[in-house]
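Subject: Structure handover

Hello,

Here is the structure we talked about handing over. My notes on what was found in it follow below.

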Amino acid sequence: MADLLDALGFDTVDLGILAESWRSEPNTPLFAQVYRGQPPPGLAGHELVAWVQASPGIPAPASRVKELAAATARGPAGLRI
């Protein structure tokens with residue numbers, strides 16, 4: 001799979017074993033934040049969700065993904081808005 005993504009022009013980042021997959025779960029920087037940017041101040045609830053859904057994606061370099069994964073601290077599970 002990594003070879004296919006590479007051929008399509010994407011970088012792959014190995015986050016480790018399955019037990020480390022929490023590094024990209026909801027409420028971590030890798031879940032979506034790094035790919036959508038900062039929302040305008042004051043958005044909450046449905047307005048924030050609508051902004052996230054409408055905002056264009058932003059590519060993140062593999063080096064940034066690795067940096068964020070290494071710095072992520074495990075918190076409570078579940079999506080919090």
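A residue is called buried under 20% relative accessible area, exposed over 50%, and partly exposed in between, with a 1.4 Å probe and protein chains only. By that scale Glu-20 is partly exposed, at a relative accessible area of 26%. This is a predicted model, in which local features need pLDDT of at least 70 and side-chain atom pairs count only at pLDDT 80 or more, while totals for chains, interfaces and linings use all residues. Residues are numbered from 1 along each chain as its sequence is written, and side-chain values use heavy atoms, with hydrogens and water left out.

Overall layout

The protein chain has 4 helices and 0 strands; helices (H or I, at least four residues) and strands (E, at least two) are DSSP runs, numbered from the N terminus. The order of elements from the N terminus is α-α-α-α. The C-alpha trace spans about 40 × 30 × 20 Å along its principal axes. Of the 81 residues in the protein chain, 15% are buried. Its accessible surface is about 6,000 Å², and 60% of that belongs to carbon and sulfur atoms; the areas come from the Shrake-Rupley method with a 1.4 Å probe, and for residues only the protein chains shown count as cover.

A contact here means heavy atoms within 4.5 Å. Among contacts with a separation of 6 or more, 59% are between residues 24 or more positions apart.

The core and helix α4

Which residues form the largest nonpolar core? It has 5 residues, namely Leu-30, Val-34, Val-65, Leu-68 and Ala-69. Helix α4 (residues 62–71) gives the most to this core, with 3 residues. A nonpolar core is a set of buried Ala, Val, Leu, Ile, Met, Phe, Trp, Tyr and Cys residues joined through side-chain atoms within 4.5 Å. In soluble globular proteins, nonpolar side chains tend to be buried together.

Within α4, the buried residues are Ala-62, Val-65, Leu-68 and Ala-69. Viewed down the axis of α4, these buried residues fall within an arc of 130 degrees, so they line one face of the helix. The arc is that of the directions from the helix axis to the C-beta atoms. On the other side of α4, Ser-63, Ala-70 and Ala-71 are exposed. The buried residues of α4 pack against α2. Val-34, a member of the core, touches Pro-29, Ile-58, Ala-60, Arg-64 and Leu-68, leaving out residues up to four places away in sequence.

Salt bridges

The whole structure contains 2 salt bridges, each defined as a side-chain nitrogen of Lys or Arg within 4 Å of a carboxyl oxygen of Asp or Glu. Arg-64 and Glu-67 meet in one of them, at 2.3 Å from N to O. These two residues are 3 apart in helix α4, so about one helical turn separates them. Arg-64 is partly exposed at 34% relative accessible area, and Glu-67 is partly exposed at 47%.

Arg-23 pairs with Glu-20 in a salt bridge whose closest N and O atoms are 2.8 Å apart. Arg-23 is buried, with a relative accessible area of 18%, whereas Glu-20 is partly exposed. Side chains of opposite charge can pair when their charged atoms come close.

The loop between α1 and α2

Thr-28 is in the loop between α1 (2–7) and α2 (33–36). Is Thr-28 buried or exposed? Thr-28 is buried, at a relative accessible area of 9%. Apart from neighbours within four places in sequence, Thr-28 is in contact with Trp-22, Arg-23 and Thr-72.

Asn-27 is found in the loop between α1 and α2 as well. Its phi is near 75 degrees, a positive value in a residue other than glycine. Most residues other than glycine have a negative phi, and most peptide bonds are trans. Asn-27 counts as partly exposed, at 33% relative accessibility.

Ser-21 also lies in this loop between α1 and α2 and is partly exposed, with a relative accessible area of 36%. The C-alpha atoms of Ser-21 and Gln-38 are separated by 24 Å, the two residues being 17 apart along the chain.

Regards
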